[in-house]
Amino acid sequence: DLAIRPIVLQPSRGRDPATGAAIDAETPPTNDGDGDDDLPPARISTPADFFDVRAATDADAADVIACARAAGVEWSDAQMAEETAKGNVVMATRKGNPSSVVGVCCAWVVAGEVQILEVATHPSARREGVGGLVVRAACDRCTGGDAFLEVRATNSAALGLYRKLGFDEEGRRRGYYNDGEDAVLMRMTPKAVSARELTRLMAGLTREEARRPAPKTPEEKQRGDAMHPQDYPRDRPAFRRDSQGAGGAN
């Protein structure tokens, strides 16, 4: 008698649509990053992933003052405590450690405008995006109004930060500081929120993620930065209509 052998089903094999190579059903095709798949792009970390920002309360006054001292703020402890008690200070802490204040911003909202009075970042958290977080949080207290601030003319790091946040130079105050240094007066006018940004904000993304440009399409990636010939600036029209009509040509 012939022995009955069990039938073993082998995994079906298909073809990778991009390369034509055979692939196992158990092995999913790899993502080559050409933008033609439905997988979401990899998420890029932002400062909001590492810091929490909220309004400071009386209970935070000591930590706010300690951060301001470490940052070299010229205000006195009494001034910082007073502004904290009035609710004019927002602060940033490291996630998981709510008592570690690493950034503060004092701002007033007057007549529909925001006046940034003081910004301080703890030395241990500099160049980590803390300053931008607290300034944005302060500006968000009056989303429809312009924001103003003064910064030392020689503070190139702060000037770069504020320009990145959308502030533009409005003028200068000569001899504004006690040592005679000029202050640069800067102003930021809120920009209209696009439908794409609003949708992403409503979906729970952070402001940095919502403002990130859309990924390039496969056609844009293939074209690169090269300009298409039809987009070249022209010294004359691409075509000229004969003003004398078809029968008037010489």
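These notebook entries record what I looked up in a predicted model of a protein.

**Ground rules.** I took the model as predicted, with local features requiring pLDDT of at least 70, side-chain atom pairs counting only at pLDDT 80 or more, and totals for chains, interfaces and linings using all residues. Residues are numbered from 1 along each chain as its sequence is written, and side-chain values use heavy atoms, with hydrogens and water left out.

**Overall make-up.** I noted seven helices and nine strands, taken as DSSP runs (helices H or I, at least four residues; strands E, at least two) and numbered from the N terminus. Of the 250 residues, 28% count as buried; buried means under 20% relative accessible area, exposed over 50% and partly exposed in between, with a 1.4 Å probe and protein chains only. The protein exposes about 17400 Å², of which carbon and sulfur atoms supply 52%; the areas come from the Shrake-Rupley method with a 1.4 Å probe, and for residues only the protein chains shown count as cover.

**Main core.** I looked up the largest nonpolar core and found 28 residues. Such a core is a set of buried Ala, Val, Leu, Ile, Met, Phe, Trp, Tyr and Cys residues joined through side-chain atoms within 4.5 Å. Those with the most contacts inside this core include C105, I116, Y162 and M186. Among the elements that give two or more residues to this core are β4 (89-94), β5 (101-110), β6 (113-121) and α3 (130-139). The largest share, six residues, comes from α3.

I then examined Y162: leaving aside neighbours within four places in sequence, Y162 is in contact (heavy atoms within 4.5 Å) with V119, V135, L149, V151, F167 and M186. A second, separate core has 13 residues, including I65, V73, M80 and C106.

**Helix α2.** Which residues of α2 (residues 77-85) are buried? I recorded M80, E83 and T84. They lie on the same side of α2 because they cover an arc of only 105° around the axis, the arc being that of the directions from the helix axis to the C-beta atoms. Their cover includes α1 (61-71), β4 and β5. Just after α2, G87 takes a positive phi of about 80°.

**Positive phi outside glycine.** A111 is found in the loop between β5 and β6 and is exposed, with a relative accessible area of 78%. R127, also not a glycine, has a positive phi of about 65°. R127 lies in the loop between β6 and α3 and counts as exposed at 87% relative accessibility.
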